[in-house]
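Please examine the sequence and the three-dimensional model shown below before reading on. The paragraphs after it are meant to be read with the structure in view.

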Amino acid sequence: MLRFYIPNMTCGGCAKSVTAALRSVDPQARIETDPPTRQVRVESALDESAFLAVLREAGYPDKQ
């Protein structure tokens, strides 16, 4: 399972945008968002780098 910390994911609307961006990479991915802790968990067979790139493009870069 991949884990991302998204500092600017602060509400449900942000979480929907993050989910949509991640689904554009892998529509079959299992995605869990938690806006209060700003964490996202993704279960996917794809490489983490593809998800990191799409998060940056969507304006929600991961802060590790």
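The structure is a predicted model, in which local features need pLDDT of at least 70 and side-chain atom pairs count only at pLDDT 80 or more, while totals for chains, interfaces and linings use all residues. Residues are numbered from 1 along each chain as its sequence is written, and side-chain values use heavy atoms, with hydrogens and water left out.

Helices (H or I, at least four residues) and strands (E, at least two) are DSSP runs, numbered from the N terminus. Two strands are said to pair if DSSP finds at least two bridges between them. Strands of a sheet pair through backbone hydrogen bonds, either parallel or antiparallel. Here three strands form an open sheet in the order β1-β3-β2, with antiparallel pairing. Because β1 and β2 stand at the edges, each with a single partner strand, one side of each is left without a neighbour in the sheet. From one strand to the next, the twist averages 15°; axes are lines fitted to C-alpha atoms, for helices over the stretch in contact, and angles run from 0 to 180 degrees between N-to-C directions.

The individual pairings can be followed along β3. Strand β1 (residues 2-5) is joined to strand β3 (residues 39-43) by four bridges in the antiparallel sense, and L2 stands opposite V42 in β3. Strand β2 (residues 30-34) runs antiparallel to β3, and five bridges join the two. V42 in β3 is also the bridge partner of I31, while R30 stands opposite E43 in β3.

Where does R38 lie? R38 is placed in the loop between β2 and β3. The hairpin of these two strands has four residues between them, and R38 takes a positive phi near 60° there. Most residues other than glycine have a negative phi, and most peptide bonds are trans. R38 has its positive value although the residue is other than glycine. R38 counts as partly exposed because its relative accessibility is 26%.

Attention now turns to the helices. Within α1, the residues C14, A15, V18, T19, A21 and L22 are buried. Seen down the axis of α1, the buried residues fall within an arc of 165°, so they line one face of the helix; the arc is that of the directions from the helix axis to the C-beta atoms. K16 and S24 are exposed on the other side of α1. S17 also lies in helix α1 and, at 34% relative accessibility, counts as partly exposed.

What do the buried residues of α1 pack against? They pack against β2, β3 and α2 (48-57), where contact means heavy atoms within 4.5 Å. The C-alpha atoms of S17 and L55 are separated by 9.5 Å, although these residues are 38 residues apart along the chain.

The salt bridges complete the picture. A salt bridge is a side-chain nitrogen of Lys or Arg within 4 Å of a carboxyl oxygen of Asp or Glu. How many salt bridges does the structure hold? There are three. R30 forms one with E32, the closest N and O atoms being 2.7 Å apart. Another is formed by the side chains of E43 and R30 (3.0 Å, N to O); this pair links distant parts of the chain, with E43 in strand β3 and R30 in strand β2, 13 residues apart. The side chains of E32 and R41 also meet in a salt bridge (3.0 Å, N to O).

Methods. Buried means under 20% relative accessible area, exposed over 50%, partly exposed in between (1.4 Å probe, protein chains only).
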